[in-house]
Every structure is written in structure tokens, then in C-alpha cells.
Amino acid sequence: MKLNLLSCDAQRPDRRAIAKCIAEISPNINESLSNELTSILLEGDAVDIEVEDRNSGSALRALRKLSIDYEIIE
């Protein structure tokens, strides 16, 4: 499943927790890339990631817990 991460509405976003979440839910993103994607997201730009279908429910919960708005592309 492809997700478009739109923004983070947290008052004080936890950059490390967001990067760790992205690295954990997306199989083809390593720690370095997740840090870069987190920076892009927190600057206000959307980020596309791919999530394994078997992890989609827990991935979406984790994103909501971090106050990340997303849309499902596929």
C-alpha cells in the first residue's frame, strides 16, 4: 500500500520517533533515508512511502499517534 504523508500536526513533533516509525513501517527505507524524509515532512512537504499490506493497520495507527496526516494512494 502506498501512503502520502501530508503533514505533522503535533505541537512539538518528535523528529526521532517519526523517523523511527517511517523506518519500521516501510520495508525499503533505511534509517538515513527515514531521517531525510522526516525533515522533508516537518518542513511542510508531502512524502510518499510504501507500507507492506500485512502491517498496514498498525502502521496507520502509529502515524495517527504521531499526529501525521496521510492519504492512501493505493
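Modeller: Contact, as I use the word here, means heavy atoms within 4.5 Å. The model is a predicted one, in which local features need pLDDT of at least 70 and side-chain atom pairs count only at pLDDT 80 or more, while totals for chains, interfaces and linings use all residues. Residues are numbered from 1 along each chain as its sequence is written, and side-chain values use heavy atoms, with hydrogens and water left out.

Colleague: Which residues is Ser-56 in contact with, leaving aside its neighbours within four places in sequence?

Modeller: With those neighbours set aside, Ser-56 is in contact with Met-1 and Val-51; Ser-56 itself is found in helix α3.

Colleague: Why does Ser-56 count as buried?

Modeller: Its relative accessibility is 18%, and buried means under 20% relative accessible area (exposed is over 50%, partly exposed in between, with a 1.4 Å probe and protein chains only), so Ser-56 counts as buried.

Colleague: What makes β2 and β3 the edge strands?

Modeller: The open sheet has 3 strands in the order β2-β1-β3, with antiparallel pairing, and β2 (47-50) and β3 (68-72) each pair on one side only. From one strand to the next, the twist averages 35 degrees. Strands (E, at least two residues) and helices (H or I, at least four) are DSSP runs, numbered from the N terminus.

Colleague: Why do you say that β1 and β2 pair?

Modeller: Two strands pair if DSSP finds at least two bridges between them; β1 and β2 have 4 bridges, in the antiparallel sense, and therefore they meet that definition. Strand β1 (residues 2-8) also pairs with β3, again in the antiparallel sense, over 5 bridges. On the β2 side, Leu-3 stands opposite Ile-49, whereas in β3 the bridge partner of Asn-4 is Glu-71.

Colleague: Which residues touch the most other members of the largest nonpolar core?

Modeller: Leu-5, Ile-49 and Ile-68 do, in a core of 19 residues. A nonpolar core is a set of buried Ala, Val, Leu, Ile, Met, Phe, Trp, Tyr and Cys residues joined through side-chain atoms within 4.5 Å. At least two residues of this core come from each of β1, α1 (15-25), α2 (31-42), β2 and α3, and α1 gives the largest share, 4 residues. Beyond its neighbours within four places in sequence, Leu-5 is in contact with residues including Ile-22, Leu-41, Ile-49, Leu-63 and Ile-68.

Note on methods:
Axes are lines fitted to C-alpha atoms, for helices over the stretch in contact, and angles run from 0 to 180 degrees between N-to-C directions.
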